[in-house]
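Please take a look at the sequence and the model, then read on.

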Amino acid sequence: MTGEEPAAPPPGEPPATPPTAEAGPPAERATIVVTDDLERSRVTVFFRLILVIPHLIVLALFSILAIVLAIINWFWALFTRDTVAHDMQSRYLRYATHVLGYLNLAANPFPGFEGAPGSYPLDPQIPPQEPQNRWKTGFRLVLIVPAAILASTLGVTASSSYSGYYSFGLITTVAFLAWFAIMAIGRMPRGLRDLSVYCLNYGIQYWAYLLIVTDRYPDSDPLTKSYGPDPAPDHPIRISEDAELRRSRLTVFFRFLLFLPHYVWLALWGIAVLFTVIAQWFVTLFAGRPADALHRFNGAYLRYTTQVYSYLFLVTNEFPGFVGAPGSYPVDLHIAPPERQNRWKTGFRLILAFPALIVTSGVGGLLLVVGIFGWFVGLFLGRMPVGLRNLGVFALRYSAQVNGYLLLLTDRYPFSGPSLEQLPPESSSLPEPA
Amino acid sequence: MSASPAAGRRALVALGIAAAVALWIFAFLQLWQTSVPSDLSLPTLDPTHYFSQDQIDRASSYQTFLSVDALLALIAQLVALGIYAIKGPGFTRESAAGRIGTGMLLGMLGLAFVWFSQLPFGLAELWWERKHDVSSQGYVTWVIDYFLAAGGEFLFISLALLIVMALTGLWKRWWWVAAAPALVAVTLVFAFVQPYLIPGQHDVHNPAIAADARELAKQEGIPGTKVTVQNTHNLGGGPNAEATGLGPTKRVILWDTLVQRFPNSQVRVVLAHEFAHLSRDHLWKSFGFMALLALPIALLVALITRRRGGLYEPASVPLAIFIVAVLLFLTLPLQTAFTRRLESEADWVALNTTRDPAAMTGLFERLGRLSKAQPNPAGWDQFIFGDHPGIMQRIEMAKAWKQRNPGH
């Protein structure tokens, strides 16, 4: 298998058509079309690090050429607003995405060496050549810094693409966990795949911007991507987003200090929750269903935690209340009423939560980046970029699902994909516990 | 001719107010009393016997800048809070926290206004201190420290507003009666735990100082009082010491800049002075004084904010903060006079304990030179900001003690 052929469709199904192959306006930014079916070969996954070596060598050589072209293009675009060898650079970006997707288990087939369009289940769509802004070109290396920090957190920066040396960002964590999951079940978990695709998607935008392929700044919004034809699974813990993007500069400047009273209250409440969770664990283990009162108490704590951290990390503008009341805050957590829970999952909850906790550490890094960038942007512009805000909402939602799993609010495993759509601000479709 | 019921009620109210004022004055006079002999008259000494004319001139110039800077900072603070009293209620839209939570936010934002208003003056002070080699702290470090220090104030005002606004929910008109003692109680709790919050403390390593500390504490009737040394040499400040804590947590903290640079005889005087603060219950007296101030201030806040719905409404918080700031500004001379009196008593007790006026004189000469403090501060400066007696006054007290105790 050379990887030159398009990915074969599952037996009995018509060949998948990449959405962007249809007529329509060109994509503004580089993006990835996903036709991956989540099936994985255990053998190739087991040996993935070895199998990818030829590609890493080719990628390293190709990278040298791409850098040289980028330098030429920097001068060229500065004088003519135009670039040269756009096709070659596009091919490089496609190839790098294929290789990194393969390496990180985001796709199954061994990729081809040409980086041909439509040849892989992760198919990058590179925007067509267009005139570039001279200012953006001149200061590209300065402008790229925030994107580079986020890309580094995601693990898709220079070190991961060029030298074979890998930076241990979120995508590496995902791949590490996915390796074990695939070995066990022969499939890539949907959430991990989507998260990996998000990282790659940001990575290709970042590289397209850095290599002067486009002057469109990378978009960190996880909700604008397509992660495949299937809808994301439902979950008993959902989040509703805040439509407000305005930020008060004064409260932004002092955001950390304004968080302190909440921090004290969180710590005190957390002590009580420690005991209620232990009690709930016994109740759920023996009765097979959590106690309503403890579910409400722990749910309020989780909702409060989400509200407070959304405030701290500038996902929201308004100072939150201290009781975690449902419907009291723009970013609100919707927690389904208690249901029967699997006793095995309850008994081994702490062990089962371990992989999710590892992902949470990476997602927590994203939230920190959102907070830091949001602080600077909020201070200067008085508003929060929608992409950063949505990334923060995703991180909060995933953390809430992990904590909800630990607090025995549900036995449904947290969904790590960013594709789980958020509820509209006014929604209260999920009933709150009585 | 019989008086109407309204006139009778007015008379009763007037009588009640008169009784409250009399009680207030009585309590204040009780706190005002110290063990310094009332007939003690300080001799007038010539500063040039202790400091060169050049030192006095430079100290005068140095101190004048700092005092003017502090006065301007105080005015800027009042202006900032005045603006905040008008604009502050608009910030209620930044909160989804309900009545009390919104009040807490507005309280913290009030301090944020103060923070900004004080920043240039603080930087000017640091620049001046660095210019005169009194401080070696960097500007960035100072700003970061200043920012983080605001965190403690934010927490305190949040707690204070939590208490006050919860009380307004219980007693809309009479909350102030309970608020003053409640706030003092909170301050007491902070004072109790404060010794554990001060970083970089260790036991006294110098055996002579440790022995002196044991002996002096015993002499002053507080045997076994803990003494620690705090590492402050990295902070770039001058020598200092403090008495802190309440009951079982009380202790004396010597800065390492004092222990390392001053002779033991002078450290001994400092120890005796700090022990005196503890043995003469100066912290308790300070809390009593604070309670005396808090009660009328709370009453005035309740009366003035009534038009905005009282402190029950979070929108009244900015105005309340402004009123408190103005009242604290107006009573500042009284506050500094009170602390000056306690410091004088601590000096006097230290003299009685150590019986070493020469060491005290040497200590203040040295402190004066290091801190570049004006030996005789300007009257207005001492009236507003003088929370300790002037250097010459303290030397004069040592002299007066010597005159009363010939042979030392």
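A salt bridge here is a side-chain nitrogen of Lys or Arg within 4 Å of a carboxyl oxygen of Asp or Glu. One such pair is Arg246(A) with Glu94(B), whose closest N and O atoms are 3.2 Å apart. This is a predicted model, in which local features need pLDDT of at least 70 and side-chain atom pairs count only at pLDDT 80 or more, while totals for chains, interfaces and linings use all residues. Residues are numbered from 1 along each chain as its sequence is written, chains are lettered from A and ligands numbered from 1 in the order in which they are written, and side-chain values use heavy atoms, with hydrogens and water left out.

**Where the two chains meet**

- The contact (heavy atoms within 4.5 Å) takes 20 residues from chain A and 21 residues from chain B.
- The size of an interface is often given as the accessible area lost when the parts come together.
- Between chain B and chain A, about 1800 Å² is buried, and carbon and sulfur atoms give 79% of that area; buried area is the accessible area (1.4 Å probe) that two parts lose on being put together, summed over both.
- Glu94(B), Ala96(B) and Phe147(B) supply 30% of the area that chain B buries against chain A, more than any other three residues.
- Across this interface the rule finds one salt bridge.
- It also finds five residue pairs in polar contact across the interface, both residues being at pLDDT 80 or more; a polar contact is a pair of N or O atoms within 3.5 Å, where within protein one must be able to donate a hydrogen and the other to accept it, and residues adjacent in sequence count only if both atoms are side-chain atoms.
- Strand E1 (95-96), helix H3 (98-131) and helix H4 (139-170) of chain B are the elements that give two or more residues to the side of chain B that touches chain A; helices (H or I, at least four residues) and strands (E, at least two) are DSSP runs, numbered from the N terminus.
- H3(B) gives the most to that side, with nine residues.
- The residues on that side of chain B divide into 15 nonpolar, four polar and two charged, where Ala, Val, Leu, Ile, Met, Phe, Trp, Tyr, Cys and Pro count as nonpolar, Asp, Glu, Lys and Arg as charged, and the others, Gly among them, as polar.

**Strands that pair**

- E4(A) and E1(B) pair in the parallel sense over two bridges; two strands pair if DSSP finds at least two bridges between them.
- Within that pairing, Phe319(A) has Ser95(B) of E1(B) as its bridge partner.
- In chain B, strand E4 (residues 241-244) and strand E5 (residues 251-255) run antiparallel and are joined by four bridges.
- E4(B) and E5(B) form a hairpin with six residues between them, and Gly245(B) in the turn has a positive phi of about 85 degrees.

**Charged pairs**

- Side chains of opposite charge can pair when their charged atoms come close.
- A search of the whole structure finds 20 salt bridges over all chains.
- Arg216(A) and Glu130(A) form one of them, with the closest N and O atoms 3.5 Å apart.
- Arg216(A) lies in the loop between helix H9 (190-210) and strand E3 (237-240) of chain A, and Glu130(A) in the loop between E2 and helix H5 (134-138) of chain A, so the pair ties together parts that are 86 residues apart in sequence.
- Asp347(B) and Arg394(B) meet in a salt bridge through their side chains (2.8 Å, N to O).
- Asp347(B) lies in helix H11 (residues 332-354) and Arg394(B) in helix H14 (residues 391-404) of chain B, so this pair ties together parts that are 47 residues apart in sequence.
- Both Asp347(B) and Arg394(B) are buried; buried means under 20% relative accessible area, exposed over 50%, and partly exposed in between (1.4 Å probe, protein chains only).
- Asp36(A), Arg40(A), Arg190(A), Arg193(A) and Asp194(A) are linked in a network of salt bridges.

**Two leucines with positive phi**

- Leu105(A) is not a glycine, yet has a positive phi of about 65 degrees.
- Leu105(A) sits in the loop between helix H4 (86-103) and strand E2 (122-125) of chain A, and is buried at a relative accessible area of 3%.
- Leu314(A) has a phi near 65 degrees, a positive value in a residue other than glycine.
- The loop between helix H12 (292-312) and strand E4 (319-320) of chain A holds Leu314(A), which counts as buried at 1% relative accessibility.
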